[in-house]
Amino acid sequence: MIRFGTSGWRGLIARDFTFDNVRLATQAIAEYLKTQSGLKEVILGYDTRFLGREFSLAAAEVLAANGLTPLLCNRDTPTPVIAHTIRQRKTLGGINMTASHNPAEYQGLKFSTSNGAPAHPEVTKQIEANAARLQKENWTFKAAVVGTYQCKTIDPQPAYFKQLRKLVDFSAIKRGKLKIAVELMYGTGHGYLDTLLQGAGAKITVFHNELNPLFGGHHPEPNAEGMAEVSKFVRSGKAQLGLGLDGDADRFGIVDKDGTWLTPNQILALALYHLKKNRGWTGAVVRTVPTSHQVDSVAHLLGVKVHETPVGFKYIGALMESEPIIVGGEESGGLSVKGHVPEKDGILACLLMAELVATEGKSLGKILKELEKQTGPFISDRINVKIQPETKDALLTKLGSGLQKIGAYKVEKFITTDGYKYLLPNNEWVAFRASGTEPLIRCYIEAKSPASMKKLTSACRALLA
């Protein structure tokens with residue numbers, strides 16, 4: 001069965017993600033697209049994973065058979081670039097072959113609608129229903145030999161670079177004379193983040209900019225582990241900032257001057273601070289349910305309204321399309337800003353952090369410490385608790401009943417926007433969400449001290465035992 005999660009349909013290459021299944025999914029998308037008005041063009045792109053281009057050509061052939069015009073990006077292309085291209089060319093939408101930061105054995109198909117945003121559940125449900133019907137009808141497609149189909153290609157880079165020059169102050173980066181370590185994780189960010197930084201006069205050292213569909217044996221994820229090599233390099237004094245991207249360049253990883261990896265929660269707070277204080281932008285900020293309330297505290301300092309959405313950038317993007325939002329982001333490493341695409345953009349996030357360091361002449365850690373003098377500290381963590389599948393329903397019923405206490409902590413408010421979130425005294429909170437793919441419950445915890453974090457972690461584990 002073809003099922004769309006928060007970021008499209010993903011599966012193991014050759015087991016779930018096959019050419020036949022890609023053609024089936026594309027036919028289901030084509031049937032949806034034919035009900036939409038507008039230009040009949042569809043953008044196609046792919047990341048650096050195994051057979052990405054060939055899967056895209058298979059999709060292109062099906063789209064063309066349905067009277068649509070596929071436009072294939074001329075090389076592996078970042079997700080935010082595809083999103084911008086959809087908007088800039090006013091196409092019906094886009095199909096992107098990417099499994100983002102998943103391991104190398106996975107491939108994925110991400111469908112974006114005409115505004116460049118990830119398709120909403122009401123759209124993906126229609127596509128899933130189309131696919132299920134086609135399967136029932138034993139739909140087949142007589143295709144050309146894999147990789148031989150001819151399709152019109154486009155170069156989306158110049159228009160995307162033009163867009164970023166409207167959003168980022170490259171002259172500030174130039175004045176900063178920065179030394180930056182850039183981690184590209186064998187992904188699509190090569191020729192984008194490194195090229196833009198070099199053009200702004202930064203002295204860069206690039207890591208893993210060659211193509212490698214196995215991603216060096218690691219997940220292409222710019223978390224603390226993925227950014228370890230850059231952290232070591234920065235700590236040695238050879239650079240003052242480390243910037244990283246995941247495989248499709250929609251997520252970011254930031255390393256401070258002392259080699260510390262900064263969390264996406266901290267980067268979202270810094271982005272809001274910079275765009276409001278230094279750039280004078282106006283509007284609200286939007287974050288997902290499990291994202292740190294450090295964002296809320298910085299917003300309060302700056303007089304900015306905060307919106308909370310369910311998990312998934314599609315919900316953030318929808319709000320960004322409906323009202324002025326300075327910045328929107330989530331704890332998993334996604335961010336976008338006003339006037340840009342309603343999709344995560346790791347390239348933009350990295351450039352904004354370089355701009356902030358250059359503008360203030362301070363390390364990101366120092367700016368955070370100055371903010372924390374006014375907001376107090378925030379300690380955030382996420383633990384994955386494995387559960388027995390047969391106990392899952394009972395546990396979720398208990399968590400969803402509206403508990404009065406979490407351990408010794410009195411519950412002040414119960415939120416059910418996405419999962420179950422409990423607000424506690426002193427701006428501390430915990431949230432629980434069941435994994436849709438594994439027998440585990442994700443527990444998000446935010447505390448104001450290490451001692452409180454320890455107590456809350458124990459209380460959450462006890463609840464799930």
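Visitor: What covers the buried residues of α10?

Guide: This is a predicted model, in which local features need pLDDT of at least 70, side-chain atom pairs count only at pLDDT 80 or more, and totals for chains, interfaces and linings use all residues. Residues are numbered from 1 along each chain as its sequence is written, and side-chain values use heavy atoms, with hydrogens and water left out. The cover of the buried residues of α10 includes α9 (264-278), β12 (284-288), β13 (306-309), α13 (364-375) and β22. Contact here means heavy atoms within 4.5 Å. Helices (H or I, at least four residues) and strands (E, at least two) are DSSP runs, numbered from the N terminus.

Visitor: Which residues of helix α10 are buried?

Guide: Buried means under 20% relative accessible area, exposed over 50%, and partly exposed in between (1.4 Å probe, protein chains only). In α10 (residues 294-302), the buried ones are Q294, V295, S297, V298 and A299. Just after α10, G303 has a positive phi of about 70°.

Visitor: In what order do the 5 strands of the open sheet come?

Guide: Strands of a sheet pair through backbone hydrogen bonds, either parallel or antiparallel. Two strands count as paired if DSSP finds at least two bridges between them. Here the order is β16-β22-β21-β20-β19, with antiparallel pairing. Because β16 (379-386) and β19 (413-415) each have a single partner strand, they stand at the edges, and one side of each is left without a neighbour in the sheet. Look at β16 and β22 (residues 440-447): 8 bridges join them, and R382 stands opposite Y444 in β22.

Visitor: Where does strand β5 sit, enclosed or open?

Guide: Of the 8 residues of β5 (residues 106-113), 7 are buried, so the strand is largely enclosed by the rest of the structure. Strand β1 (residues 9-12) runs antiparallel to β5, joined by 4 bridges, with R10 opposite G108. Strand β4 (residues 93-97) is also antiparallel to β5, through 5 bridges, and G94 faces S112.

Visitor: At what angle do helices α1 and α4 pack?

Guide: Two packed helices are described by the angle between their axes and the distance between the axes. Axes are lines fitted to C-alpha atoms, for helices over the stretch in contact, and angles run from 0 to 180 degrees between N-to-C directions. Helix α1 (residues 19-33) and helix α4 (residues 121-136) pack at about 120°, with axes 8 Å apart. The contact residues include L24, A28 and Y32 of α1, and I127, A131 and L134 of α4.
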